[in-house]
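Reader: I would like to learn how to read a structure model from its helices, its core and its contacts. Please go through it with me.

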Amino acid sequence: MDPKLVEDARQSLETERERIRLVLAGEVEHPRVDHVAQTAAASEVSESQRGQQLREREELHLALIEGALSRMDSGLFGLCQNCGQPIARERLEALAWAQDCIGCHSARRR
Ligand SMILES: [Zn+2]
């Protein structure tokens, strides 16, 4: 594993972890993409539902990031958790928290 790649990945993981912590702490507003399209009557329920969904997604993402950071500490970073093969560099550069190689990932989606 290229130390430069690991270092870059660690930095992006830590940045992302910090962002999610702020979001979960309520210090950063969630982006509200379709706010304008909503009617006033429907907005209260769906705002909180969507807030909940976003929270769950962020928590899931945070767990992935924590997992990647702990694999980094145990020297397993960049290895597929399913088949043990190294994950492609391009995939790690795009998704530092990826825990499976592209082969296993696409096999699971089928
Ligand atoms: Zn794999």
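Reader: What should I know about the model and its numbering?

Author: Residues are numbered from 1 along each chain as its sequence is written. This is a predicted model, in which local features need pLDDT of at least 70 and side-chain atom pairs count only at pLDDT 80 or more, while totals for chains, interfaces and linings use all residues.

Reader: How is a helix defined, and what span should H1 have at 1.5 Å a residue?

Author: Helices are DSSP runs (H or I, at least four residues), numbered from the N terminus. The expected span is 1.5 Å times one less than the number of residues. H1 has 22 residues and should span 32 Å, which agrees with the 31 Å between its end C-alpha atoms. After H1 comes Gly26, with a positive phi near 80°.

Reader: Which residues of H1 are buried?

Author: A residue is buried if 20 or more other C-beta atoms lie within 10 Å of its own, exposed if 12 or fewer, and partly exposed in between, with C-beta atoms placed from the backbone. In H1, the residues Ala9, Leu13 and Ile20 are buried. They lie on the same side of H1, because their arc around the axis is only 35°; the arc is that of the directions from the helix axis to the C-beta atoms. The face turned away from this buried side carries exposed residues, including Lys4, Glu7, Gln11 and Glu18.

Reader: Which residues make up the largest nonpolar core?

Author: A nonpolar core is a set of buried Ala, Val, Leu, Ile, Met, Phe, Trp, Tyr and Cys residues joined through C-beta atoms within 7 Å. The largest one has 12 residues, among them Ala9, Leu13, Phe77, Cys80, Trp97 and Cys101. Helix H1 (3-24) and helix H2 (40-73) each supply at least two residues of this core.

Reader: What does Cys80 touch, not counting residues up to four places away in sequence?

Author: Two residues are in contact if their C-beta atoms, placed from the backbone, lie within 7 Å. With that exclusion, Cys80 touches Gln85, Ile87, Asp100, Cys101 and Cys104.

Reader: Where is Asp100 found, and where is Cys104?

Author: Asp100 is in the loop between helix H3 (89-94) and helix H4 (102-109), and Cys104 is in helix H4. Asp100 has 18 other C-beta atoms within 10 Å, so Asp100 is partly exposed. Cys104 also counts as partly exposed, because 17 C-beta neighbours lie inside 10 Å.

Reader: How far apart in space are Cys104 and Asn82?

Author: Cys104 and Asn82 are 7.0 Å apart, C-alpha to C-alpha, and 22 residues apart in sequence.
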